[in-house]
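The following report walks through a two-chain model, from the contact between the chains down to single residues. Please keep the sequence and the coordinates at hand while reading.

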Amino acid sequence: MARSWRDPSEQALARVLLAPAFALLALIVVYPVGRLLLTSLYDDSLTSGHAARFVGLENFQLVWEDPSFWSALINTLLIVLFTVPGAMVAGMLLALVANMPFRRKWPVRLALLIPWALPLAFVGLIAGWFFQSDYGIVNDVLRPFVSQKIIWFNSPTLSFAAMCMAIVWKTSSFVAMILLAGLQTIPADVYEAARVDGASKWQQFWQVTLPLLRPSIVVAAIFRTITALQTFDIPATMTRGGPGDATSTLAMYIHQTTVDFLDIGYGSALAVVMFAISMVVSTIYLRNLRTGN
Amino acid sequence: MKGAFLSPAAMRRLAALAVVINGLFPAVWILFTSLKTERELTQTPITWWPHAPTLENFAHAFADQPLALFVFNSVAVALLATGLTLSVATLAAYALARLEISYRNTALSVIVATSTFPLVTLLVPLFETMRAVGLLNSYAALVLPYTVLSLPVCTLVLVSFFESIPADLENAARCDGCTRLGAMWRILLPLATPGMFTAGILTFVNSWDEFLLALSFNSAPGLRTLPVGITLYQGEFTFPWPVISAALVVGIVPVALLIVIFQQRVLSGLTAGGLK
């Protein structure tokens, strides 16, 4: 194989085989992102009747002064703050159980895969029914412990909390699968050695499992952060951003500006801000990946 | 664990039970809800097991909205996206796994990097472009982005699968007069069927689940996919929960069946894609 990398026919073949993938990436990712950066500099509203007009950074100035943007951004960051650690802890618990030596593995396996396979939009609807104030099962279970029924979706705080719980439930299974893959690479004799040294199960977890699992934890946490920044489906179907805009996210605001109001210029500026935030996270991810290899 | 009143094995079984209930209960509860009458649903305290199971809600679900059409659209879009993704990813993965190319790691990194791109930011320019070229409200408007969405994970799964298959068999076939691509088609791909299957299921589920682009690009009644269509049962202030639940059950069953049948394969594919 040593000589073949110079084989011109092999190089040409590689280019031909990779061409469709990179053509698609260019068409659906690179070109749109370039276009996005450009249109963010224009006053380009499809409902205004006039042609797009170059306005420089004016859209970003408007973003900076837009209270709806700040409220959506803060909600989005709060979702990251609550649901990323939430899904990591829940996912770790699920993964630890799934890694136990059971004779029949399929029940736990399905319990991880089904939440992963459910569409987020379905989870939003299901959670809306779970937290329904009169006939929802959450209030039914809580009834003995609270003096009066909780109306989840009338309160900004409770709506937000219910939404975060739905997000944590839905996303923890994917986290669990990444962590499970990591757990399965830890050789048994490491635990054997720790046991010989007199480490308890608890100490083994903190001193053996966690350090060896670090790469998987980092990958899962960053993936979860990137998806949390884009939160759309669950609030859109569960709370529709309400009450008021208590559960409205940046992605919902971008969608509303672009698709409902057809304000391409302003929507682009909002999207550029979102893009910049997630690029920071992805850069950390890719750097980690490289040092990991 | 000496002082514990439960044996370690019993504790393990209890933990497994908690995980199973956590994972499956919401879907089971929706199934129960879909079988109850409106009257039974508005009783307090609420009932758990349906007292008088009825299929009426399913009849309503299909009558109130074109649910069958939503399912058809979702299946069509997901299958087309799966076919296109597998074709493109297989070619790329073959090049990355079998050909000696100097930029292999760069190419792989670029493909992986796209998986971290926020879909929401692509929404604005894609919406504008699709609108300009008249592709809004078409299958293509979703199939193309869904292909890109699943391309990274499919490529990773296939590269690691191809690399696990010894190249000797293909080399032998080439000695017998097969071309490179002939050897790939006749030798490698049949051996890689499990990997192709895994990548295909991942793409299918990703496409089946997608909501934001489907909501934004295909809003015409005839082209709505299931996650979008299923939000239409609710009015501004009315939530016909039994009918919504029935529609949800219709939406959950096909993918749940796929998952039950191919669970091991799906799990291994997900973990291979996640770890890279």
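## Contact between the chains

In this predicted model, 76 residues of chain B are in contact with 74 residues of chain A, where two residues are in contact if their C-beta atoms, placed from the backbone, lie within 7 Å. On the side of chain B that touches chain A, the largest share, 13 residues, comes from helix 1 (residues 8-34) of chain B. Sorted by class, this side of chain B has 54 nonpolar, 17 polar and five charged residues; here Ala, Val, Leu, Ile, Met, Phe, Trp, Tyr, Cys and Pro count as nonpolar, Asp, Glu, Lys and Arg as charged, and the others, Gly among them, as polar.

Two conventions apply to everything that follows. Residues are numbered from 1 along each chain as its sequence is written, and chains are lettered from A, with ligands numbered from 1, in the order in which they are written. Because the model is predicted, local features need pLDDT of at least 70 and side-chain atom pairs count only at pLDDT 80 or more, whereas totals for chains, interfaces and linings use all residues.

## The two chains

Chain A has 12 helices and two strands, and from the N terminus on its elements run α-β-β-α-α-α-α-α-α-α-α-α-α-α. Helices (H or I, at least four residues) and strands (E, at least two) are DSSP runs, numbered from the N terminus. A compact globule of 293 residues would have a radius of gyration near 19 Å, but chain A has 24 Å; the radius of gyration is taken over C-alpha atoms, and the globule rule is 2.2 Å times the number of residues to the power 0.38.

Chain B has 14 helices and zero strands. The radius of gyration of chain B is 23 Å, well over the 19 Å that the globule rule gives for 276 residues, so chain B is more spread out than a compact globule.

A residue is buried if 20 or more other C-beta atoms lie within 10 Å of its own, exposed if 12 or fewer, and partly exposed in between, with C-beta atoms placed from the backbone.

| Chain | C-alpha box, roughly | Buried residues |
|---|---|---|
| Chain A | 80 × 75 × 30 Å | 44% of the 293 residues |
| Chain B | 75 × 70 × 35 Å | 45% of the 276 residues |

Among contacts in chain A between residues at least 6 apart in sequence, 71% join residues at least 24 apart; in chain B, residues 24 or more positions apart account for 76% of the contacts with a separation of 6 or more.

## Helices in detail

Eight of the 11 residues of helix 11 (residues 250-260) of chain A are buried, so this helix is largely enclosed by the rest of the structure. Among the buried residues of helix 11 of chain A are A:M252, A:Y253 and A:H255. Just after helix 11 of chain A, A:L262 takes a positive phi of about 55°.

In chain B, the axes of helix 8 (residues 168-175) and helix 9 (residues 180-191) come within 9 Å and cross at roughly 125°. Helix 8 of chain B is therefore oblique to helix 9 of chain B. Axes are lines fitted to C-alpha atoms, for helices over the stretch in contact, and angles run from 0 to 180 degrees between N-to-C directions; angles under 35 degrees count as roughly parallel, over 145 as roughly antiparallel, 65 to 115 as roughly perpendicular and the rest as oblique. In this contact, B:L169, B:E170, B:A173 and B:R174 of helix 8 meet residues of helix 9 including B:A183 and B:I187.

B:T147 lies in helix 7 (residues 139-163) of chain B and is buried, with 26 other C-beta atoms within 10 Å. Leaving aside residues up to four places away in sequence, B:T147 touches A:L24, B:A81, B:L84, B:T85 and B:V88.

B:V243, in helix 13 (residues 241-261) of chain B, counts as buried because it has 25 C-beta neighbours inside 10 Å. Not counting residues up to four places away in sequence, B:V243 touches B:N57, B:H60, B:A61, B:D64 and B:Y233.

B:F32, placed in helix 1 of chain B, is partly exposed, with 16 other C-beta atoms within 10 Å. B:F32 touches B:W48, B:W49 and B:P50, again not counting residues up to four places away in sequence.
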